[in-house]
Amino acid sequence: MTGSGLQVALLAGGLVGAGAAGLIWQVTPAHPDLTDALHRLRPHPPTRPAAPHTGGMGGRERVGRWALRRLPPRVWGTVPAADLAVLRMSVSRFYGEKVLFFLVGAGCAPLLTVLAGLAGWRVPVLVPAGGSLAVGAALFLLPDHTIRTEAARARDEVRRALVAYYELVALERLTGSGHRQAMENAAAVGQSWIFRRLAEELARSAWAGHAPWDALEDLGAELGVPDLADLAQVMQLSSSEGTQVATRLQAKATSLRAAILSSDLARANEVGEKMSIPMSLLGVIFMALLVAPALLRVTGGG
């Protein structure tokens with residue numbers, strides 16, 4: 001059998017094997033994820049909009065909804081629910097990005113193989129097949145890293161905004177405003193997304209007849225920001241015990257500001273240490289350039 005015939009036979013065998021695996025996958029009873037099943041069966045409160053309405057469902061949203069219906073939950077692994085809540089991104093859009101990234105990665109290797117064939121290079125069929133799976137799997141995991149990075153940046157922004165929110169609530173309390181009124185007025189001052197989110201949660205709690213600190217505590221748990229839960233506890237204790245809430249809020253703002261400053265200093269020191277490595281290498285190369293002529297003269301004279 002010639003080399004081209006062997007490649008065609010391997011490709012045909014791979015397609016037949018993939019088709020048989022797909023049929024077995026559809027016929028075999030699925031093993032549902034227990035955590036995902038219980039989450040679906042548990043009653044939920046009215047859901048918040050995952051993202052601002054943009055006038056229609058995008059392509060990634062459609063692909064994600066199709067993938068949710070067709071693929072089992074174990075394919076996706078652990079869903080970063082808190083990170084998606086911070087970014088106000090729906091799960092279907094996140095899944096759609098993962099599927100699209102996988103398709104792009106899977107198509108890179110065959111495209112390079114075609115270009116190599118046009119250039120006259122013969123590439124075995126196993127190379128593009130393995131390359132497609134490897135690149136597709138790597139790009140399939142890329143949205144997870146991107147989501148974690150963007151969510152960490154968003155949480156850092158939330159902590160910085162909460163410093164101002166603590167101070168604003170304290171000022172509202174000093175002017176004689178009630179607990180809910182102080183929190184709502186302070187949230188209405190800012191124009192950033194976190195202030196708008198606080199205003200939405202406080203308004204929703206008022207319509208539902210819930211305490212405002214309960215809404216902030218639930219929001220902190222949803223976003224993975226414990227500082228919101230600290231604010232809720234301060235307001236709840238001040239309501240039940242009659243403590244000086246303005247003083248405690250200003251103290252919390254001072255401690256949070258100090259924690260943010262310490263984090264920024266640690267990050268700056270880490271960046272400085274990383275920058276010292278290329279500077280050290282540059283110094284070593286410069287010294288080598290200075291010493292090299294003398295060494296060459298000594299070697300040549302010997």
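This is a predicted model: local features need pLDDT of at least 70, side-chain atom pairs count only at pLDDT 80 or more; totals for chains, interfaces and linings use all residues.
**Helix α3**
- Glu61, Gly64 and Ala67 are the buried residues named in α3.
- Viewed down the axis of α3, its buried residues fall within an arc of 125 degrees, so they line one face of the helix.
- An α-helix has 3.6 residues a turn, so residues three or four places apart point the same way.
- Arg62, Arg69 and Arg70 are exposed on the other side of α3.
- The cover over the buried residues of α3 includes α5 (91-118).

**Nonpolar cores**
- The largest nonpolar core has 36 residues, and Leu162, Tyr165, Val169, Met235 and Leu249 touch the most other members.
- Helices that each supply at least two residues of this core include α4 (81-87), α7 (179-189), α8 (193-208) and α11 (245-301).
- Helix α6 gives the most to this core, with nine residues.
- Leaving aside residues up to four places away in sequence, Leu249 touches Tyr166, Val169, Ala170, Leu231, Val234 and Met235.
- A second, separate core of nine residues includes Ala67, Met89, Phe94 and Val99.

**Leu216**
- Leu216 is part of helix α9 (residues 212-223).
- Leu216 counts as buried because its relative accessibility is 0%.
- Beyond residues up to four places away in sequence, Leu216 is in contact with Met183, Leu198, Leu202, Leu228, Leu231 and Ala232.
- Between Leu216 and Gln233 the C-alpha to C-alpha distance is 9.3 Å, with the two 17 residues apart in sequence.

Note on methods: Residues are numbered from 1 along each chain as its sequence is written. Side-chain values use heavy atoms; hydrogens and water are left out. Helices (H or I, at least four residues) and strands (E, at least two) are DSSP runs, numbered from the N terminus. Buried means under 20% relative accessible area, exposed over 50%, partly exposed in between (1.4 Å probe, protein chains only). Contact means heavy atoms within 4.5 Å. A nonpolar core is a set of buried Ala, Val, Leu, Ile, Met, Phe, Trp, Tyr and Cys residues joined through side-chain atoms within 4.5 Å. The arc is that of the directions from the helix axis to the C-beta atoms.
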